[in-house]
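Subject: Handover of a structure, with notes on its sheets

Dear colleague,

Please find below the structure I am passing on to you. My notes on its strands and helices follow.

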Amino acid sequence: METKIVKINPESIDEKCLEEAGQIIREGGLVAFPTETVYGLGANALDAQAAARIYKAKGRPSDNPLIAHISSVDMLDDIVANIDDNARKLMDAFWPGPMTLIFKKKDIVPDGTTGGLDTVAVRFPSNKIARMLIEKSGVPIAAPSANISGRPSPTTGDHVVEDMNGIIDMIIDGGHVGVGLESTIIDLTGTPTILRPGFVTRKMIEQVIDHVEVDGGILEKPSEDFRPKAPGMKYKHYAPKADLTMVKGQAENVAEYIEQAVKGQNAGIITIDTHMDLYKNVSDDIKIVSLGNSIEEVAGNLFGTLRQFDEWGVDVIYSEVFEEKDLGVAVMNRLNKAAGYKLVNV
Ligand code: TXA
Ligand code: MG
């Protein structure tokens with residue numbers, strides 16, 4: 001299949017182009033598009049056959065449900081059975097934005113979109129291109145991250161081209177996304193529970209509703225029989241081809257350990273700006289990447305860096321760890337999964 005690749009400047013959006021993309025969606029095709037979190041691979045959420053094409057393109061297990069993206073709260077009424085007080089409060093506080101809510105679904109949403117569940121995950125993205133695409137489509141858009149299943153989620157149009165060129169109808173390249181990690185998922189069908197951490201943190205949520213639980217396995221390796229409430233959380237994810245190890249401890253000790261570990265290897269190192277100077281004794285052929293300084297920068301650069309290491313073809317990667325608070329919880333959730341929870345304490 002020939003994939004049409006179009007670049008759209010978020011500052012002056014080409015509406016014609018989005019009309020064409022909207023038509024592809026209405027006709028059952030696949031369009032990848034930017035959101036504020038990561039790129040999504042979109043299809044009509046109300047069309048089971050279109051949803052099936054997403055699973056095929058990604059190589060995604062069919063029990064892993066899709067998020068329906070909407071461009072107005074009115075669209076929510078069409079697809080969910082009941083919107084309670086907690087939902088209203090969270091929607092007022094964080095929509096449009098990087099938060100996904102799980103509701104009981106209406107029959108109009110096919111099982112093919114929800115992996116057979118009687119619930120549906122819904123997100124109202126803030127990215128202007130995403131919103132306009134949903135408006136032009138006139139239907140909610142089911143969209144998982146636009147990567148081949150298991151690979152790091154795409155944060156640039158180039159990443160999507162790498163994974164999806166020749167497989168889908170259209171790729172809309174809107175440049176680098178803002179957040180860089182997928183949305184926070186909150187289940188509202190029972191006690192409010194975070195199923196996946198993201199940019200909207202537990203603290204932010206508890207400023208709006210009284211209490212939110214956290215589903216297990218977010219920062220520690222889940223036991224064999226653990227069944228996460230978000231089916232997708234059980235799969236190995238975000239993994240670079242290289243063997244990734246996290247190293248935790250005082251910065252100087254971590255750097256010293258990593259310097260020893262990479263000797264004689266085709267290796268990469270993940271650090272931050274202020275620690276770059278600690279790696280004085282590594283040979284020139286070792287790739288050292290800084291993710292920036294703030295935790296926001298780290299979140300924005302993590303997935304792209306894992307992909308970059310794949311391109312360089314390194315065999316092993318050592319990464320520093322980040323404080324597990326606020327956005328750091330989401331960063332460490334993704335890094336843990338990418339590393340298969342492999343951690344060295346020094
Ligand atoms: O930021 C995001 O959420 C991005 C952008 C494109 O919007 N999308 C995204 O989709 O990350 P995906 O498919 O990569 O991850 C969706 C997660 C999966 O872990 C899935 O199991 C869970 O949401 N999920 C979807 N519907 C669910 C439901 N009804 N109940 C529980 N978990 C659900
Ligand atoms: Mg994904």
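Two strands are said to pair here if DSSP finds at least two bridges between them. By that criterion, strand β9 (residues 184-187) and strand β10 (residues 193-196) pair in the antiparallel sense, over three bridges. Within this pair, I185 has R196 in β10 as its bridge partner. Please bear in mind throughout that the model is predicted.

The sheet of 11 strands

β9 and β10 belong to an open sheet of 11 strands with mixed pairing, whose order is β1-β8-β2-β3-β7-β4-β6-β5-β9-β10-β11. Its edges are formed by β1 (4-7) and β11 (213-214), each of which pairs on one side only. Helix α1 (residues 15-26) packs on this sheet, where it touches β1, β2 (31-33), β3 (40-44), β7 (141-142) and β8 (170-173). The direction of α1 makes about 145 degrees with that of β8. Helix α7 (residues 157-164) lies across β1, β2, β3 and β8, and runs at about 160 degrees to β8.

The sheet of five strands

A further open sheet consists of five strands in the order β14-β13-β15-β12-β16, and its pairing is parallel. The edge strands are β14 (287-290) and β16 (343-345), each pairing on one side only. On average, neighbouring strands of this sheet are turned by 20 degrees against each other, direction ignored.

Strand β12 (residues 243-248) is joined to β16 by three bridges, and the two run parallel. In this pairing, M246 stands opposite L343 of β16. β12 also pairs with β15 in the parallel sense, over five bridges; there, D243 stands opposite V316 of β15. Helix α11 (residues 327-338) lies across β12 and β15 (316-320), and its course is at about 130 degrees to β12.

As background to both sheets, strands pair through backbone hydrogen bonds, either parallel or antiparallel.

With kind regards

Note on methods: Residues are numbered from 1 along each chain as its sequence is written. Chains are lettered from A and ligands numbered from 1 in the order in which they are written. This is a predicted model: local features need pLDDT of at least 70, side-chain atom pairs count only at pLDDT 80 or more; totals for chains, interfaces and linings use all residues. Side-chain values use heavy atoms; hydrogens and water are left out. Helices (H or I, at least four residues) and strands (E, at least two) are DSSP runs, numbered from the N terminus. Axes are lines fitted to C-alpha atoms, for helices over the stretch in contact, and angles run from 0 to 180 degrees between N-to-C directions. Contact means heavy atoms within 4.5 Å.
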